[in-house]
Protein chains: 2
Amino acid sequence: MELEKDLFGKCPYTTAQKVLSGKWSIMILYHLGIKTMRFGELQRQLPDLTQSTLTKQLRALEDYGLIERTIYPQVPPKVEYSLSDIGIKFQKVLAELAIWGNDYIKTLQKKEL
Amino acid sequence: MELEKDLFGKCPYTTAQKVLSGKWSIMILYHLGIKTMRFGELQRQLPDLTQSTLTKQLRALEDYGLIERTIYPQVPPKVEYSLSDIGIKFQKVLAELAIWGNDYIKTLQKKEL
DNA sequence: CGGTATCCTATCGGATACTG
DNA sequence: CAGTATCCGATAGGATACCG
């Protein structure tokens, strides 16, 4: 995933779509919205993706500017991931997404009855 | 894209992510939120995807239950796409997404200066 | 008009193994 | 601890051509 600089002029939806295209973007943004986390802690929250996949997804979100990576120069290494300003603003979308997602699941369940 | 029936028990975010994974889902949902449209009209709004791709994306959204397809038995054929109840509810997410998307574009532009 | 049916390719996510 | 390097398979999406 590589950041495209020519997002300007594009519509907000297309832009959002690109940023959210990563399979784990939403989940990562959700967890970092709860609190800043170290790599390992984040990985424990998301047991279904491997270390290398998590790294790639984090790099993508970092390139897009949604999250920030802070490296503490020490041994053993400590790296913290947190939301950027624009990442924090995304929490509003997540909130609506959560409401809708629960609603959607309920709808599916009714159909099954 | 095939609908998975075992979404139950999953978190709302994972569910939402699956539904939104289609490259054009958001754009389609946005346009159908404005008004019910025929296939051709929708295609004119989205010049960047081919007919076959549009068909696939529409089928996926239909399978997920977000949109409804109404076929009017006449010649030439007339098919209308509209939002389902849960699709209408998704407009709230889209609204937040639009706000955020515009914000994000502004942020990027500032960085470029 | 509103599709199918094929085929093809790029990319993305995952598995695995190794490292400062 | 937090990565990187490499490889690999699945699949989503696009191009093209044809159809009721």
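Asp103(A) is partly exposed, with a relative accessible area of 22%; by that term I mean a value between the limits for buried, under 20% relative accessible area, and exposed, over 50%, computed with a 1.4 Å probe on protein chains only. This is a predicted model, in which local features need pLDDT of at least 70 and side-chain atom pairs count only at pLDDT 80 or more, while totals for chains, interfaces and linings use all residues. Residues are numbered from 1 along each chain as its sequence is written, chains are lettered from A and ligands numbered from 1 in the order in which they are written, and side-chain values use heavy atoms, with hydrogens and water left out.

The partner of Asp103(A) is Lys89(B), and the two form a salt bridge with the closest N and O atoms 3.5 Å apart. A salt bridge here is a side-chain nitrogen of Lys or Arg within 4 Å of a carboxyl oxygen of Asp or Glu. This pair crosses between chains, from helix α5 (residues 85-89) of chain B to helix α6 (residues 91-112) of chain A; helices are DSSP runs of H or I, at least four residues, numbered from the N terminus. Lys89(B) is partly exposed, at 41%.

Let me turn to Lys89(A). Its side chain meets that of Asp103(B) in a salt bridge of 3.5 Å, N to O. Lys89(A) lies in helix α5 of chain A and Asp103(B) in helix α6 of chain B, so this pair joins two chains. Lys89(A) is partly exposed at 40%, and Asp103(B) likewise counts as partly exposed, at 23%.

Within chain A, Glu41(A) forms a salt bridge with Lys35(A), the closest N and O atoms being 2.3 Å apart. Over all chains, the structure holds six salt bridges.
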